[in-house]
Amino acid sequence: MSADGRGDKEPVGIDELLERVRAGFVRVGPQEAATAAAAGEALLVDIRYAELRERDGLIPGALVVERNELEWRLDPRGSHRAPQAVSHGLRIVVVCNEGYASSLAVASLRQLGLHRATDLIGGFQAWRAAGLPVEV
(Lines give C-alpha, C1' and ligand atoms only; values in the text may rest on other atoms or scores of the structure.)
Protein backbone atom coordinates (compact mmCIF):
# COMPACT_ATOMS: atom_id res chain seq x y z
CA MET A 1 0.00 0.00 0.00
CA SER A 2 1.24 3.48 -0.80
CA ALA A 3 1.98 6.06 1.88
CA ASP A 4 -1.28 7.89 1.15
CA GLY A 5 -3.37 4.76 1.89
CA ARG A 6 -4.69 4.40 -1.66
CA GLY A 7 -2.87 1.22 -2.50
CA ASP A 8 -1.55 0.79 -6.02
CA LYS A 9 -4.80 1.62 -7.79
CA GLU A 10 -5.24 4.83 -9.71
CA PRO A 11 -8.27 6.93 -8.80
CA VAL A 12 -11.29 6.71 -11.10
CA GLY A 13 -14.06 9.17 -11.87
CA ILE A 14 -17.68 8.42 -11.09
CA ASP A 15 -18.56 7.66 -14.72
CA GLU A 16 -15.85 5.02 -14.92
CA LEU A 17 -16.83 3.61 -11.53
CA LEU A 18 -20.47 3.30 -12.65
CA GLU A 19 -19.38 1.58 -15.84
CA ARG A 20 -17.26 -0.92 -13.89
CA VAL A 21 -19.98 -1.59 -11.34
CA ARG A 22 -22.70 -2.05 -13.94
CA ALA A 23 -20.56 -4.49 -15.93
CA GLY A 24 -20.99 -6.89 -13.01
CA PHE A 25 -24.75 -7.35 -13.25
CA VAL A 26 -27.72 -7.13 -15.60
CA ARG A 27 -29.92 -4.12 -14.93
CA VAL A 28 -33.68 -4.28 -15.49
CA GLY A 29 -36.20 -1.95 -17.08
CA PRO A 30 -39.41 -0.76 -15.46
CA GLN A 31 -41.72 -3.34 -17.04
CA GLU A 32 -39.44 -6.26 -16.18
CA ALA A 33 -39.15 -5.02 -12.59
CA ALA A 34 -42.93 -4.60 -12.30
CA THR A 35 -43.60 -8.06 -13.72
CA ALA A 36 -41.06 -9.74 -11.42
CA ALA A 37 -42.41 -7.92 -8.35
CA ALA A 38 -46.03 -8.76 -9.23
CA ALA A 39 -45.11 -12.43 -9.62
CA GLY A 40 -43.36 -12.44 -6.23
CA GLU A 41 -40.02 -13.06 -7.95
CA ALA A 42 -38.34 -9.82 -6.88
CA LEU A 43 -38.35 -7.38 -4.01
CA LEU A 44 -38.39 -3.74 -5.09
CA VAL A 45 -36.39 -1.59 -2.68
CA ASP A 46 -36.84 2.18 -2.87
CA ILE A 47 -33.75 4.01 -1.56
CA ARG A 48 -34.88 7.55 -2.45
CA TYR A 49 -34.79 10.06 0.36
CA ALA A 50 -38.02 11.17 2.02
CA GLU A 51 -38.35 14.48 0.15
CA LEU A 52 -38.39 12.70 -3.22
CA ARG A 53 -40.86 10.08 -2.02
CA GLU A 54 -43.15 12.80 -0.68
CA ARG A 55 -42.86 14.83 -3.88
CA ASP A 56 -43.22 12.03 -6.44
CA GLY A 57 -44.98 9.19 -4.63
CA LEU A 58 -44.22 5.54 -3.97
CA ILE A 59 -44.14 2.34 -5.94
CA PRO A 60 -46.92 0.17 -4.46
CA GLY A 61 -45.47 -2.75 -2.53
CA ALA A 62 -41.87 -1.51 -2.61
CA LEU A 63 -39.84 -1.75 0.57
CA VAL A 64 -38.64 1.73 1.52
CA VAL A 65 -35.12 1.71 2.97
CA GLU A 66 -33.05 4.86 3.26
CA ARG A 67 -29.72 4.44 1.46
CA ASN A 68 -27.71 4.81 4.66
CA GLU A 69 -29.53 1.81 6.16
CA LEU A 70 -29.63 -0.43 3.08
CA GLU A 71 -26.91 -2.94 3.91
CA TRP A 72 -28.12 -3.37 7.50
CA ARG A 73 -31.72 -3.88 6.45
CA LEU A 74 -31.06 -6.33 3.59
CA ASP A 75 -28.29 -8.48 5.10
CA PRO A 76 -30.03 -11.82 5.79
CA ARG A 77 -27.57 -12.41 8.66
CA GLY A 78 -27.96 -8.95 10.15
CA SER A 79 -29.60 -8.21 13.46
CA HIS A 80 -31.38 -5.19 11.93
CA ARG A 81 -32.62 -6.93 8.79
CA ALA A 82 -36.03 -6.28 7.29
CA PRO A 83 -38.42 -9.25 7.48
CA GLN A 84 -38.25 -9.53 3.68
CA ALA A 85 -34.46 -10.13 3.77
CA VAL A 86 -34.79 -13.89 4.00
CA SER A 87 -31.80 -15.18 2.02
CA HIS A 88 -28.77 -14.29 -0.04
CA GLY A 89 -30.64 -15.70 -3.05
CA LEU A 90 -33.36 -13.07 -2.86
CA ARG A 91 -33.78 -11.13 -6.10
CA ILE A 92 -33.64 -7.45 -5.18
CA VAL A 93 -34.28 -4.56 -7.55
CA VAL A 94 -32.96 -1.32 -6.06
CA VAL A 95 -34.76 1.86 -7.11
CA CYS A 96 -33.33 5.36 -6.72
CA ASN A 97 -34.57 8.50 -8.42
CA GLU A 98 -32.84 8.20 -11.81
CA GLY A 99 -30.82 4.95 -11.73
CA TYR A 100 -27.37 6.11 -10.64
CA ALA A 101 -27.14 5.77 -6.86
CA SER A 102 -28.95 2.45 -7.15
CA SER A 103 -26.11 0.97 -9.21
CA LEU A 104 -23.60 1.83 -6.51
CA ALA A 105 -25.96 0.42 -3.88
CA VAL A 106 -26.18 -2.85 -5.80
CA ALA A 107 -22.38 -3.13 -5.81
CA SER A 108 -22.45 -2.93 -2.04
CA LEU A 109 -25.24 -5.50 -1.71
CA ARG A 110 -23.36 -7.89 -3.96
CA GLN A 111 -20.34 -7.59 -1.68
CA LEU A 112 -22.63 -8.84 1.11
CA GLY A 113 -23.39 -11.92 -1.00
CA LEU A 114 -26.74 -10.78 -2.39
CA HIS A 115 -25.74 -12.07 -5.82
CA ARG A 116 -29.15 -11.51 -7.45
CA ALA A 117 -29.33 -7.81 -6.58
CA THR A 118 -29.78 -5.45 -9.52
CA ASP A 119 -31.22 -2.01 -10.13
CA LEU A 120 -33.87 -0.27 -12.16
CA ILE A 121 -32.63 1.47 -15.31
CA GLY A 122 -33.75 5.09 -15.05
CA GLY A 123 -34.98 4.66 -11.48
CA PHE A 124 -38.31 5.87 -10.19
CA GLN A 125 -38.55 8.46 -12.95
CA ALA A 126 -38.45 5.72 -15.61
CA TRP A 127 -41.03 3.70 -13.64
CA ARG A 128 -43.41 6.65 -13.60
CA ALA A 129 -42.72 7.55 -17.26
CA ALA A 130 -43.62 3.96 -18.21
CA GLY A 131 -47.08 4.55 -16.73
CA LEU A 132 -46.61 2.00 -13.94
CA PRO A 133 -48.54 2.42 -10.68
CA VAL A 134 -47.53 5.14 -8.24
CA GLU A 135 -49.14 5.92 -4.90
CA VAL A 136 -49.28 9.62 -4.08
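Before I start, a word on terms: helices and strands here are DSSP runs, at least four residues long for a helix and at least two for a strand, numbered from the N terminus. I also keep in mind that this is a predicted model.

**Entry 1: Arg116**

I looked up Arg116 and found its place in the loop between helix 5 (101-111) and strand 4 (118-119). Next I listed its contacts, leaving aside neighbours within four places in sequence: Gly89, Leu90, Arg91, Ile92 and Arg110.

**Entry 2: strand 3 and its partners**

Ile92 came up among the contacts of Arg116, and I moved on to strand 3 (92-95). I recalled that side chains in a regular strand alternate between the two faces of the sheet. In strand 3 both faces are covered: Ile92 and Val94 are buried on one side, Val93 and Val95 on the other.

Which strands pair with strand 3? Strand 1 runs parallel to strand 3 and is joined to it by four bridges; here I found Asp46 bridged to Val95. Strand 4 pairs with strand 3 in the parallel sense too, over two bridges, and Val94 has Asp119 as its bridge partner there. I then followed the chain through strand 3, helix 5 and strand 4, and these make a right-handed β-α-β unit.

**Entry 3: the nonpolar cores**

I counted 20 residues in the largest nonpolar core, where Val45, Leu70, Leu74, Ile92 and Leu109 have the most contacts. Strand 1, helix 4 (70-74), strand 3 and helix 5 each give two or more residues to this core. Helix 5 gives the most, with three. I picked out Leu70 and, beyond neighbours within four places in sequence, found contacts with Val45, Ile47, Val65, Ala105 and Leu109. A second, separate core has 14 residues, including Ala42, Leu44, Ala62 and Leu120.

**Entry 4: helix 2**

My last stop was helix 2 (residues 30-38), whose buried residues are Pro30, Ala33, Ala34 and Ala36. Why do they line one face of the helix? Seen down the axis of helix 2, they fall within an arc of 165°, so they line one face. I found these buried residues packed against strand 1 (43-46), strand 3 and helix 6 (123-129). After helix 2 comes Gly40, with a positive phi near 75°.

Notes:
Residues are numbered from 1 along each chain as its sequence is written. This is a predicted model: local features need pLDDT of at least 70, side-chain atom pairs count only at pLDDT 80 or more; totals for chains, interfaces and linings use all residues. Side-chain values use heavy atoms; hydrogens and water are left out. Buried means under 20% relative accessible area, exposed over 50%, partly exposed in between (1.4 Å probe, protein chains only). The arc is that of the directions from the helix axis to the C-beta atoms. Contact means heavy atoms within 4.5 Å. Two strands pair if DSSP finds at least two bridges between them. A crossover is right-handed if, with the strands pointing away from the viewer, the path from the first strand over the helix to the second runs clockwise. A nonpolar core is a set of buried Ala, Val, Leu, Ile, Met, Phe, Trp, Tyr and Cys residues joined through side-chain atoms within 4.5 Å.
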